[in-house]
Amino acid sequence: MRILGIESSCDETAAAIVKDGRTVLSNVIASQADEHKQYGGVVPELASRRHCENILPVVRQALADADMTLDDVDGIAVTYAPGLIGALLVGVSFAKGLAMMSGKPLIPVHHTEGHAAANYLVHPDLKPPYLGIIVSGGHTRIAEILDYTTFRTVGKTRDDAAGECFDKCARAMGFPYPGGVHIDKAAQRGNPGAFKLPKIKMEGNPYDFSFSGLKTYIVNLQHHAEQVGEALNHDDLAAALQQDIAQTVTEKTIAAAMELGYTTIALSGGVSANSGVRNMLENACRQHGFTLCMPPLALCGDNAAMIAAQGYYNYLAGITADESLNAVASKELRGEV
Ligand code: KG4
Ligand code: ZN
């Protein structure tokens with residue numbers, strides 16, 4: 001089965017064709033990051049307008065790259081939640097129109113489930129059940145992936161996502177949007193031991209995350225330094241921040257895997273591109289004899305191949321939509337039990 005995936009939840013307009021949920025036939029991404037950079041973050045209305053302009057050429061390109069026409073597509077998968085509502089609406093409306101005119105099934109995909117499915121595109125042996133750790137700009141979640149469409153959240157962030165923490169700290173330090181990748185580069189030059197960051201203590205579910213305290217601490221540290229005319233070493237601060245986030249993600253994921261009896265872990269989401277997170281989790285998995293799957297860097301961030309992959313499995317499970325499909329800004333995982 002060949003699924004056309006469409007993604008427009010934030011600032012990437014993307015379309016892709018994926019065969020049987022596993023093989024990428026084409027993968028086109030039009031990023032707006034350079035335009036939003038001048039405002040220090042995504043401007044929602046601007047994102048919607050750009051999606052509106054980009055969506056048709058991007059879908060056309062995805063079909064052309066796969067050497068296909070719409071007739072050759074077996075289903076149209078689209079991100080319907082969560083994300084910026086105006087941005088999601090462009091993809092959802094476009095996919096509905098395509099599905100209606102072509103008579104092909106319309107398949108709704110939850111963006112976070114899509115991120116997890118990125119691993120299916122590069123790890124042919126990865127099959128549920130396994131433990132997923134999904135870290136992005138909007139989400140940080142450990143989830144049991146019980147089957148392709150059934151998820152059980154083990155822990156999630158109570159406030160900011162890891163990517164939000166990276167980006168806001170990066171902005172305070174003067175790095176351009178999106179800042180996560182700049183923190184990663186700076187961290188490779190820095191000494192993480194040069195700054196002692198506060199350890200966040202939380203009551204209740206030990207697998208939940210909280211990154212807002214760390215974010216506030218670093219933003220305040222930077223602002224205070226500016227007020228007193230002191231220059232912080234940003235390489236060192238970036239290294240300390242990255243190490244702290246990598247440690248939190250790694251420790252909680254490994255502990256959850258041990259408690260729940262999983263030996264396969266799959267990392268995904270935009271922050272899974274972070275070298276500190278990748279290396280620390282990889283080392284910990286090696287020590288524990290766990291198998292770790294990660295997407296290549298090109299499939300960590302937002303793309304439509306992951307949406308088409310999850311769309312394939314949704315379709316097999318009978319998850320399709322009719323013309324009443326709408327965009328939803330905030331939503332728990334579709335298959336949550
Ligand atoms: O998955 P994604 O593209 O969008 C959401 O679904 O949120 O994730 C974007 C997030 C941003 O916060 C971005 O700064 C972060 O992923 N990110 C990184 C790196 N590359 C992207 N964070 C840290 N290190 C990186 N190398
Ligand atoms: Zn994403």
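Guide: Helix H8, residues 234-260, contributes most to the lining of the second largest pocket: four residues. This is a predicted model. The pocket holds about 260 Å³ of space. Its lining counts 14 residues. Nearest the centre are Lys199, Ile200, Met202, Thr248 and Lys252. By class, six of the lining residues are nonpolar, three polar and five charged.

In soluble globular proteins, nonpolar side chains tend to be buried together.

Take Ile133 in detail. Beyond its neighbours within four places in sequence, Ile133 contacts Arg141, Ile142, Phe209, Val249 and Thr253, among others. The list also includes Ile265, Ala266, Leu267, Ser268 and Leu281.

Val109 sits in strand E5, residues 106-110. Its relative accessible area is 0%, so Val109 is buried. Residues up to four places away in sequence aside, Val109 touches Ala77, Val78, Thr79, Tyr80 and Ala81, among others. Gly114, Ile307, Gln310, Gly311 and Asn314 are also on that list. Val109 and Ala308 are 199 residues apart along the chain, yet 8.5 Å separates their C-alpha atoms.

Now the largest pocket, for comparison. Its volume is about 1400 Å³. It is lined by 49 residues. Ser136, Gly137, Asp167, Tyr177 and Pro178 lie nearest its centre. Strand E3 (23-31), helix H4 (111-117), helix H5 (162-172) and helix H6 (180-187) each give two or more residues to this lining. H5 gives the largest share, seven residues. The lining divides into 19 nonpolar, 18 polar and 12 charged residues. Domain 1 (2-117 + 299-316) and domain 2 (127-294) both contribute to the lining, so the largest pocket lies between them.

How values were computed:
Residues are numbered from 1 along each chain as its sequence is written. Chains are lettered from A and ligands numbered from 1 in the order in which they are written. This is a predicted model: local features need pLDDT of at least 70, side-chain atom pairs count only at pLDDT 80 or more; totals for chains, interfaces and linings use all residues. Side-chain values use heavy atoms; hydrogens and water are left out. On a 1 Å grid over the protein atoms alone, a cavity is a set of points where a 1.4 Å probe fits but cannot get out, and a pocket is an open set with protein on both sides within 12 Å along at least five of seven lines; lining residues have an atom within 4 Å of a point. Grid points are joined across faces, edges and corners, and a volume is the space filled by probe spheres set on the points. Ala, Val, Leu, Ile, Met, Phe, Trp, Tyr, Cys and Pro count as nonpolar, Asp, Glu, Lys and Arg as charged, and the others, Gly among them, as polar. Domain bounds come from an automatic or database domain assignment. Contact means heavy atoms within 4.5 Å. Buried means under 20% relative accessible area, exposed over 50%, partly exposed in between (1.4 Å probe, protein chains only).
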